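Student: I have a model open and want to go through a few local features. Can we take it piece by piece?

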Amino acid sequence: MVRFAGDSGDGMQLTGSQFTLSTALSGNDLATFPDYPAEIRAPAGTTFGVSAFQINFGARDIKTSGDQPDVLVVMNPAALKVNLPDLKPGGLIIADVGAFGERNLRKAGYEANPLDGDTLSAYRVLPFDISSLTLEAVREQGLSKKEGLRCKNFWALGLVYWLYDRDRLPTTEWLTAKFAQRPDLAAANIAALNAGHAFGETAELPRDIGGFVVPVAKIPPGLYRNITGTEAMAYGLVAGAQFAELPLTFCSYPITPASQILHVLAGLKGRGALTFQAEDEIAAACAAIGASYAGGIGVTSSSGPGIALKGEALGLAVMTELPLVVINSQRAGPSTGMPTKTEQSDLNQALFGRSGDSPMAVIAASSPGDCFAVAIEAVRLAVTFMTPVMVLSDGYIANASEPWRIPDLDAIPRFPARFHQDPEGFRPYARDPETLARPWAVPGTPGLEHRIGGLEKDAASGDVSYDAENHQRMTELRAAKIAGIAKEIPDQAVDQGEGGGRLAVVGWGSTYGPISRAVSNKRAEGRAVSHIHLRHLWPLPTNLGALLAKFDRVLVPEMNCGQLLALLRSTYLLPAEGLNKVAGKPFMITEIEAAIDERTEAGT
């Protein structure tokens, strides 16, 4: 496990992404965790501006970005101060001593240089003047000192490439293409990369710091690519629209960490994606509803604060009973909270955050690659049941990446949308007896003129109605339609372990990785624990209550204060227990293992 950390201008995300690419090409399985500040440019050298990228890789199935890094590369004192508490005891620190001057030490809050003395005696430290070594490596390119120092991230990357026996060719090819208009910059960065690698080869480093060889991971054969949750979500939306045989219209307003979906889809016009950046969140949601009214599949996305602004429009989608997909890339809240930190605290907002009785389907992705399948499922449910569907992702899933086996698209069932065409006896709020969905009548279809809107409609004529009995009936019908989705989703399966016993660990969303690894580790120790992970959060799978009742205890780890826990308790009257973390960081495997240990005994 390696973490690169530096100032937000040091190119740590770029460095990490290139190491990720080389690691994937080496045949290792991996998971990444980009962690960066919300400030566009915090004061250089301060702890507020530290940006980091962590990658966990190996020869076995990797399910999380890992708990504690083995190697920490720090480009300044602030990066060391912020990230040192996470480093594994005995871990390796590679530090750019050229950036540990008095001014940077003071900005980071150090009274003395931690690289001197025995402050870091619990770790192995390799202090190199990376800044000076980089300037020496790029001297022939004639760059200014400022431009030359910007190459030091690739010097550090070259050293780590040597450490893990990585091929530099993909990175040099990438640099050549990226700086095609500035070949001097491409040559300088390549020179820095090679210099860092050569330094590792020639420097007489301690014997325990040699080249590590990580065997190729044993993964199912197939065509793989590296993918982020954002990319997988965008590709899944395009695929879902094509499976429904509908044009895709994506309408959003920029917000971290959801903005990237718009960026990816904007590049997929050739695949039928129409994108629209609205002037605000309300306009984005209403434009997406309009796209669905016109016979397409409208999609809008945001994060918690933006979803709150969309609330009235989402109620409109519920009332008009039009298909709509809403992507919520959760971040730490409340309000604008911590924009670049992850959390799962919008579940209650997804379930209940609208006026009136306005239920909608809610599903969640469990990993970056899973976003593809979840997006398709959201389109399927929205079109089949004429309803808005909210998809919960989060900052960890959206920004993280993993190797993704490209699926066989021909094997995924199609669900073509059906438009009502027959004017004979047309009633805009007549319902399909199986799904309770109302007919989808595209404006302009002769004989199907009707009115929709936020005011309550008569169940028969579709006219505005204030009739008390009609409102009761329509409210119950809308709720029954959403509840009926449970008949169209799979029974809840057990991800690991038995279908009953001592303890079930129940999760949703991005807690999948740490829960899965913790449960597998504890099962290997002989503990009676099973893992159940939910994709469909509302309605819940029809067998879930009976399944949970077969366990003595139910533990629900969440990155919130217990929102799924409350839902399970109120729905099934189970004495479930919560494990809650609201720190802006994912669960560590050890945190969940400790909770399992408290509730089970070894060998039972």
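Student: Where does Val464 lie?

Tutor: This is a predicted model, to begin with. Val464 is in the loop between β14 (401-405) and α16 (468-484).

Student: Which residues form a nonpolar patch on the surface with Val464?

Tutor: Leu455 and Tyr466. Together with Val464 they have about 340 Å² of accessible area.

Student: Now the inside. How many residues does the largest nonpolar core have?

Tutor: The largest nonpolar core has 91 residues. Those with the most contacts inside it are Leu237, Leu265, Ile297, Val325, Val506 and Leu564. Helix α14 (residues 370-385) gives the most to this core, namely 11 residues.

Student: And what lies apart from it?

Tutor: Another core, of 39 residues, which has Phe57, Phe128, Ile130 and Phe154 among them.

Student: Back to Leu564. What is it in contact with, leaving aside neighbours within four places in sequence?

Tutor: Leu564 is in contact with Leu347, Val506, Trp508, Leu534, Leu537, Val556 and Glu558. One of these, Val506, is also listed with Leu564 among the residues with the most contacts inside the largest core.

Student: Aromatics next. How many aromatic pairs are there?

Tutor: The count comes to 12 aromatic pairs. One of them is Phe4 with Phe19, an edge-to-face pair at 5.8 Å centre to centre, with 65° between the planes. Phe4 sits in strand β1 (residues 2-7) and Phe19 in helix α1 (residues 12-25), so the pair links parts of the chain that are 15 residues apart.

Student: What about Phe372 and Trp404, how far apart are the ring centres?

Tutor: The centres are 5.1 Å apart and the planes are at 55°, so the pair of Phe372 and Trp404 is tilted. Phe372 belongs to helix α14 and Trp404 to strand β14, so this pair ties together parts 32 residues apart in sequence. Phe372 counts as buried because its relative accessibility is 7%. Trp404 counts as buried too, because its value is 11%.

Student: Which residues form one aromatic cluster with Phe4 and Phe19?

Tutor: Phe57, Tyr161, Tyr164 and Phe212. Phe57 is also among the residues of the 39-residue core.

Student: Backbone now. Which residues does a cis peptide bond join?

Tutor: One joins Thr256 and Pro257, with omega about 0°. Pro257 is in the loop between β8 (248-252) and α10 (259-266). The bond from Gly333 to Pro334 is also cis, with omega near 5°. Pro334 is in the loop between β11 (324-330) and α13 (347-352).

Student: What is phi of Ser335, then?

Tutor: Phi of Ser335 is near 50°, a positive value in a residue other than glycine. Ser335 lies in the loop between β11 and α13, and that is the loop given for Pro334. Ser335 counts as exposed because its relative accessibility is 59%.

Student: And phi of Glu245?

Tutor: Near 60°, again a positive value. Glu245 is found in the loop between α9 (229-243) and β8. With a relative accessible area of 60%, Glu245 is exposed.

Student: You mentioned α9. What does Gly229 touch there, not counting residues up to four places away in sequence?

Tutor: Gly229, which lies in helix α9, touches Pro368, Cys371, Ile397, Ala398 and Ala400. Gly229 counts as buried, because its relative accessibility is 2%.

Student: How far is Gly229 from Gly158 in space?

Tutor: They are 28 Å apart, C-alpha to C-alpha, and 71 residues apart in sequence.

Student: Last one: which residues are buried in helix α7?

Tutor: In α7 (residues 169-178), the buried residues include Pro170, Thr171, Thr172 and Leu175. The buried residues of α7 pack against α1, α6 (152-163) and α8 (183-202).

Technical notes:
Residues are numbered from 1 along each chain as its sequence is written. This is a predicted model: local features need pLDDT of at least 70, side-chain atom pairs count only at pLDDT 80 or more; totals for chains, interfaces and linings use all residues. Side-chain values use heavy atoms; hydrogens and water are left out. Patches are made of residues with over 30% relative accessible area and no salt bridge: like charges are joined within 9 Å, nonpolar side chains (Val, Leu, Ile, Met, Phe, Trp, Tyr) within 5 Å. Accessible areas come from the Shrake-Rupley method with a 1.4 Å probe; for residues, only the protein chains shown count as cover. A salt bridge is a side-chain nitrogen of Lys or Arg within 4 Å of a carboxyl oxygen of Asp or Glu. Helices (H or I, at least four residues) and strands (E, at least two) are DSSP runs, numbered from the N terminus. A nonpolar core is a set of buried Ala, Val, Leu, Ile, Met, Phe, Trp, Tyr and Cys residues joined through side-chain atoms within 4.5 Å. Buried means under 20% relative accessible area, exposed over 50%, partly exposed in between (1.4 Å probe, protein chains only). Contact means heavy atoms within 4.5 Å. Rings of Phe, Tyr and Trp (its six-membered ring) pair if their centres lie within 6.5 Å; planes under 30 degrees apart count as stacked, over 60 as edge-to-face and the rest as tilted.
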